[in-house]
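The sequence and the structure are shown first, and the discussion follows.

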Amino acid sequence: MKVSLCTITFRHCLLSLKDIAVWARANGFDGVELWGAHARNLARTPLYNAEWLASFGLATPMLSDYLPTEGERSAIQTRAEGLCRLAGHWRAGKIRTFAGARGSRATSAEERRAIVAALRLMCEVADDHGVRLLVETHPNTLADTLASTLRLVEEIDHAALGLNFDVLHVWEGGDDAAEAHRALRPWIRHYHLKNVRAREDLGVFEPANVYAAAGRREGMTPLFGGAFDYDGFLPELDADAEASLEWFGDDGFDVLARDRRLLEARSVPNAAVAVGGG
């Protein structure tokens, strides 16, 4: 099992990438999933790259970012190209983004066509750079339900497209996670795993709360301590699956170390799991 850690967990901590890499290696992690904002800032220090990270025995499976789906085509292309170049710098084979910023039922047909066109353009750019564009299943996007996500991948219709299957958000959208997983399996290239105390607490994952230093963290739980049954879902994963364990709460080192051990003990044998987030 390959287990990585994502830098977004430490978005409000005063830590260097070296601090994180040293801790990750000492605690049995195999890689680091970089938050896009961190990857852009680290570009100012050329020393930090795939070779440097490999000296710790670590790799970067994915850069997680938020590419624009509105605006001029040239601006969308420029942002996508910049992220793909960063992915090459870290030898990351995947970049993550979202399908707009409005739920599928609240999106007009014209708006949907524009978002699809933007995502197809990103796929073309990603393909030129030898990476995959992963759209995350997430509320308030066009990938907020199984039906809309299936429609979306068919509309984009590009070989460079994949899905980042966020298990909790699929459950939040009202679909059975296992059934949705089976339907979307051909496009899934990565997983995000996190949990919550109860459905009533799902609001803690709203971006405005997650990214606020003073945001609410109550209701966020370790992977095996929440409302979603991961013990029941993990057998759905293929042996070569790659995933990221998202943790946005306090005590990141303690929670990630414990969840890393439990995930290895309870997951599919030989599954490749990246512990991260975004």
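In this predicted model, Arg-40, Asp-65 and Arg-79 are joined to one another in a network of salt bridges. The structure as a whole holds 16 salt bridges, of which three further pairs are described here.

| Salt bridge | N to O distance | Accessibility of the Arg | Accessibility of the Glu |
|---|---|---|---|
| Arg-73 and Glu-124 | 4.0 Å | Arg-73, 51% | Glu-124, 34% |
| Arg-102 and Glu-111 | 3.5 Å | Arg-102, 34% | Glu-111, 33% |
| Arg-151 and Glu-155 | 2.8 Å | Arg-151, 43% | Glu-155, 25% |

**Arg-102 and Glu-111**

A salt bridge with an N to O distance of 3.5 Å connects the side chains of Arg-102 and Glu-111. Arg-102 is partly exposed, its relative accessible area being 34%, and Glu-111 is also partly exposed, at 33%.

Arg-73 and Glu-124 form a salt bridge in which the closest N and O atoms lie 4.0 Å apart. Because Arg-73 sits in helix H4 (residues 73-90) and Glu-124 in helix H5 (residues 109-128), this pair ties together parts of the structure that are 51 residues apart in sequence. With a relative accessibility of 51%, Arg-73 counts as exposed, since the class begins over 50%, whereas Glu-124, at 34%, is partly exposed.

**How H4 and H5 pack**

Two packed helices are described by the angle between their axes and by the distance between those axes. For H4 and H5 the angle is about 40° and the axes are 9 Å apart, which makes H4 oblique to H5. The crossing of these two helices is right-handed. On the H4 side the contact is made by Arg-73, Ile-76, Gln-77, Ala-80, Glu-81 and Cys-84, and on the H5 side by Ala-118, Leu-121, Met-122, Glu-124, Val-125 and Ala-126. Sorted by class, the residues in the contact of H4 with H5 comprise eight nonpolar, one polar and three charged residues.

Methods: Residues numbered from 1 in each chain as written. Predicted model: local features only at pLDDT ≥ 70, side-chain atom pairs only at ≥ 80, totals over all residues. Heavy atoms only, no water. Helix = DSSP H or I, 4+ residues; strand = E, 2+ residues; numbered from the N terminus. Buried < 20%, exposed > 50% of the residue type's maximum accessible area, 1.4 Å probe, protein only. Axes fitted to C-alpha atoms, helices over the stretch in contact; angles between N-to-C directions. Parallel < 35°, antiparallel > 145°, perpendicular 65-115°, else oblique. Left-handed = near helix turned anticlockwise from the far one by under 90°. Contact = heavy atoms within 4.5 Å. Nonpolar A, V, L, I, M, F, W, Y, C, P; charged D, E, K, R; others polar.
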